Each structure stands twice: as structure tokens, then as C-alpha cells.
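Work through the exercises below with the sequence and the coordinates open. Each task is followed by a solution in steps.

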Amino acid sequence: MAASSAAAEILNPPLLQDERAPIAKPILTEAAPAAPLPGNTAPVRGDRLLDLKINYIDNQIYNPSTGGYDKVHLRGYTGKGVDPGAPYVSPTIEAVPGDTVRIILDNQLPAGPQPGDPGCMTGGQMPDIPHCFNGTNLHTHGLWVSPTGNSDNVLLSINPQTKFTYEYNIPSDHPSGTFWYHTHRHGSTALQVSSGMAGALIIRGGRPPTPTAHGDIDTLIPTSAVPERVLVMQQIQYACRGPAAKQGDLGPIKQDINGRYFCDPGDVGGIEGYDQFGPGTWPASGRYTSLNGKVFNPTDPMKATQGQIERWRIIHAGVRDTISLQFFKVLDGKLKPGVKTLLRAETTAAFIKDTCDTEPVPYALVAADGLTMAAAQMTKLATLQPGYRFDALIVFPEAGRYCVIDSSAPKSGVVNGLDVSPQLLGLIDVAPGKPVDNVESYVKSILVALAETNMPADVKAAVVSDLKAGIKFTSFTPHPDVTDEEVKGSGTQELTFFIDTTGPDIKFEVGNTLNTADTKPYDPTRIDRQLPLGKAQVWTLQSHFVSHPFHIHVNPFQIVSITDPLGKDVSAPGAIDDIAGTPDPQYTGLKGVWKDTLWIKSLIPQNLPTGFSGIYTITLRTRYERYIGEYVLHCHILDHEDQGMMQNVAVVLPGEVGDAVQGDAMQMHGMPMGGHDAHK
């Protein structure tokens, strides 16, 4: 059905001819990806064959503090599809439900001992010491695929000079959405992800809703009407080092009196040691978050058009930062095109105050961790912890230049637990188009017009009615609610994250109860949980020492409640989480939302009324569907995972559920302990 002339004007505001091109990010050409969805046309299914080579890459990263480029030597993926101007972000992979994605992972990194690296340890050695910096593997974060064999198996170690083929059979009923992929070799995950070994993985869906089945939101907001922008945010914490005290060691990181990293002329930065991670290291380093592999450069702004709604697929692919995403109009007369801007870490907050407006632009969140929400949530700030994704509908109401800001967040809600200053992530130049008076009303009107145009006749009225009544996506949610009946009699799970600082060595631990005494460091030979296939269970999560983002592979979860230390549910729409003083907006509206990664908050008890622990309690429900096999859950502060804050879990047939196995989980698969080695 053709859109009315009024609807056509709403859907197609004036657009400069050359301004759509920068929105699309390069994809792996070997994948022969599905073309952007025109209207309701279903994408073409097929096999995708990709070739990812892993090498050291010599290139440069822009440093706003100096206005120049620092030379770096970092591990990364090479081959077709890699943008030579931004090699430290991995190419976007696109597929559709029903595809088979085969990735040849060719580890060409050097073998043998490396300075500061204990090497690829085998059985009998401590598994939770960072090690095997040149060993690798691959994880498709958020995909609902098998965790075993050569599928999403992170218990493999693809050692140097080894080639291995991963094969992901994406189910025909897989949700469409924004996912990502990254290296996940226990012992070197943080070091490699922070080098840029991560990229977007998009599942595109062309299934419209029917009277009896939900559809893909892609059919409501096709790229022909709503262009999209993929935004991969990373923290590449490279450092330059001084001379080593003895052969085989790493030299000290070059830092000034304030802890800021610096490189002398002729230096080459790298990421070769876990002294580059830890509490406070990212903000202290003075490094800058990159967007799609590029650090903020005032001469290279993004492009957009006033009144044109865009779908932003936002991925936090970093290791050690919390990002609070906001957009502000640049004040008149500030940051004129062509003006070079130097941003030193200690002066950034003052620069933003002088340059950017104080009223943020509202935008609509439509999906969390790749999964369509029951209704859009209007916000002026989205909090992204490591591993998070949000899909947002963004429209700039005025022409001009805009600041993309990582705003200050309360220290109770951020990875580093510090009061950190805002950071300027980028600029957007918005060309004149259609003025927007009220962003929420405008978004709603465009979605209604799209539904009138694109939805099948037998569901159109229902979809339009839902959109008008609060921008509801009832016909597009990929998972039904987990009901009380489903979880009845299925057993429960408890989990506690804990860092034990009482001994000579810090231990990063996970427990199967809410008792701190029951926590343990990761053991690759132990299966910590057995979960019944085809059942649903309730999980209760806590952190007993500082906060951590929880991530579990394969099956996502639905949030039931998040209660603060005083028992208030802060996940409800409009709830205010202010027990620590400054309100923290990150939990508001998450009740009922499906995710695969979630911040488990824990406050310092001294900041609370006497007798309260500072512990938040999170209640989730999840189903174990289709796939049996062993996989992991862990903290997504990845240096915590590398040092032991992880568990092996196994989904088994219901009759096989028993106590946690204290045995050789590796040898269950006929593999050596200390990691499944893939041999040449």
C-alpha cells in the first residue's frame, strides 16, 4: 500500500544526496551479506564464509591531547572487510535466520614465550593467572546457537600458528537484532578485546507479524525508510613502556605524575600486560573511547540530516568503562568547522561546559542486548556497561552541530567506582531538513506511518493501535514472558560475585549461593551448574564486593526485579535509584526487559544507613532452550573473567541434573585440561 502524501513527507524529509553513505559501516565482503531490507522483502538466506586472520597490526591512533597520532602495535583481525583507516575494530558480520556462518580463524600470531606472558599453560598450572596472550578463540556474544563442538565454543584455545573453522548454524527462528563477536580465550580475553578484536554481528529479519506469531521489528523500520548507523565503542588502552629491568619482563608503563599515559617520540604503544587493567586505570590513563575504531577527531564529524530518524545499533565492546550516552547541540559560535580542538583529559569537562548546550536530545530505546523491547523507552541518557547493546531511534530536531557525550555518571554506577569527568566522543554535523518540535510525538508519528505502509492487512490495525498507545511493540517481541507456571517446581539458581582481598593474592570468585563463604575462583576442570533442558528457572544475583556486569552465554534472561539495599524495586518505569545520593538512571524501566548482560550493583556499606549491606538483589527468569552442552557465565569486566570470575555451566537433559561436578570437565570432551587446544 502506498503511503499518503503526508506520510511520505514524514517518512522522507529532505536529505542531502551524499549523506546516507557515511551511515553504513563496511562489512566483510566474503560474507555476501543480505542486502538492506527494502520494505517487506525477506532477506536472502545462504551460507556465509568468512576468513579472519589474526596478526599484529602496525598503525596509529589519534590522540586528542596532542592533536597528533600515536604509533601502536596491536593484535587484530586482518583481511578483506577491514577498514585500513580503522584497523582496530573488527568488520561487521551480517546474517539472517537460517544462515550458516563459517569463520576460518587463522591465528598467525607468533608462537613461543613473549615478555610478561606465562604462555599457553596446560593442566597442573594455575588457570586464573593471565596467560596465553597469543592464544585465542571466538565468541558470538548474544547469539542463540550451540555452545559445543566448533560452534560458539569458548573452551577452545586456538593457539599461535593454528587455523580452525567455527560454524554457527543460526536457527530459522533466531531473533533479529544487534549482537557482537569477540575473542574469549580465558587468560587473554581482556588483553585482546582491548586491542580491538571485537566487532558487530547483526541478524537481519524479514518476518512480518501475523495474527498468531510475532515478527521482526526490521519489517516495521526497514532501512529504506530508517537508515541505520552501527556504533562500536571500545577502550583501546595502549601504553608505551620504558626499558625492562631484566630480559623476559615488560618495562614500566610511561606515566606522568597524574598517572596519564604518554609516549615519547619514536615510541610504539601496545597492550602486553595486565598492569594496564585494574581499578581506575582507564580514566587515569587519559585514553579516549573510540567509535568504530576511531578516536574523536574534530575534523572528521559524523553526518546526519534534521528530521531524519536513524536506527543506531550501539555496542559497548570495551573492557573497563561505563558509558552514559547523551547528545547536546553545540552552542552558537562554538566548534566551528575547520577549527582544531585539543582535548586534554583534565580540561575536557570545562571544554564541554563551554561548548555544548545543557539540554540533552531525547531519543527512543527500542531494543536491549539485541532483543526488541515490549515498548519504546524515551530517554535522554542510556547507560551502557561492558557487553551491553541498545538499539535507539534517534532524530536531531535542529540543523547544526551536536556533541556526542559520555556524561558523568554517579560513581556507584560505573565500572571504575570513581567520580569521572564527561568525555567528548564525537561530533555530528546535521544538515537542514524537517524541523521537529517534539521528538517523542515525531517518532510515534513516523512509526505509525510506517506501520500503515508496511504491515500486512491482518495485523495492521493492531500494530497501529499499539504504537499510538505508548509506542508498544507487542507484535515484535522475540520472547514471551516467563510465567509463574513455567518456573514452578523447576528449581532455582543463586549467584554471588566476590573479590577476596584477605590473602596475599587477590581472588576473583563466583558462588552458587548468596553466601560469600561459598565463592570460588574459576576451575576449568569443574562444572559449577547443571541446568535442565526445556525448563525455566528463577535466578537470584548479588555482588558482595563492588559491582560487576553479569553475562551468561546462549540463553538470555528476563528481569523480574532489581531491589536496592533498602528493598525498593528500582527497575520499574519511573523508579529512582538514589540510595547513594546522586540518582543513578541505569535500572529504571528494566523490569520485564530481556537481556544477556546486566550490571550487579554493590555499594560501599559505609555510605549507607547503619545496618544496611549495600547489596542490590537482582531476580531473573530464563529458559534453557534447544541446546545442551557446556558454556560459561562470567563478569564482563574481562580482566576479572581472566583472573577467575567465571563458571562452567552445562545444560543437560532433565533426568541428568545433579550436583555440580567436581571432576575433569575438559576430559569429558576428550580434551586436555587448561583449555581445549585446537591443533594444526
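The model is predicted, so local features need pLDDT of at least 70 and side-chain atom pairs count only at pLDDT 80 or more, while totals for chains, interfaces and linings use all residues. Residues are numbered from 1 along each chain as its sequence is written, and side-chain values use heavy atoms, without hydrogens and water.

**Exercise 1. Check the length of H6 and find which residues of H6 are buried.**

Step 1. Helices (H or I, at least four residues) and strands (E, at least two) are DSSP runs, numbered from the N terminus. The expected span of a helix is 1.5 Å times one less than its number of residues.

Step 2. Buried means under 20% relative accessible area, exposed over 50%, and partly exposed in between (1.4 Å probe, protein chains only). By this criterion the buried residues of H6 are Val459, Lys460, Val463, Val464, Asp466 and Leu467.

Step 3. Viewed down the axis of H6, these buried residues fall within an arc of 160°, so they line one face of the helix. The arc is taken over the directions from the helix axis to the C-beta atoms. On the face turned away from the buried side, H6 carries the exposed residues Asp458, Ala461 and Lys468.

**Exercise 2. Describe how H5 and H6 are arranged.**

Step 1. Two packed helices are described by the angle between their axes and the distance between the axes. Axes are lines fitted to C-alpha atoms, for helices over the stretch in contact, and angles run from 0 to 180 degrees between N-to-C directions.

Step 2. The axes of H5 and H6 come within 9 Å and cross at roughly 180°. Angles under 35 degrees count as roughly parallel, over 145 as roughly antiparallel, 65 to 115 as roughly perpendicular and the rest as oblique. H5 and H6 are therefore roughly antiparallel.

Step 3. The buried residues of H6 pack against helix H5 (439–454). In contact terms (heavy atoms within 4.5 Å), Lys444, Leu447, Val448, Ala451 and Glu452 in H5 meet Lys460, Val463, Val464, Leu467 and Lys468 in H6.

**Exercise 3. Is Ile471 buried or exposed, and with which residues is Ile471 in contact?**

Step 1. Ile471 lies in the loop between helix H6 (457–468) and helix H7 (484–487). Just after H6, Gly470 takes a positive phi of about 100°.

Step 2. The relative accessible area of Ile471 is 2%, so Ile471 is buried.

Step 3. Leaving aside neighbours within four places in sequence, Ile471 is in contact with Ala375, Ala376, Glu440, Lys444, Leu447 and Asp466. Ile471 and Gln377 are 94 residues apart in sequence and 8.4 Å apart in space, C-alpha to C-alpha.
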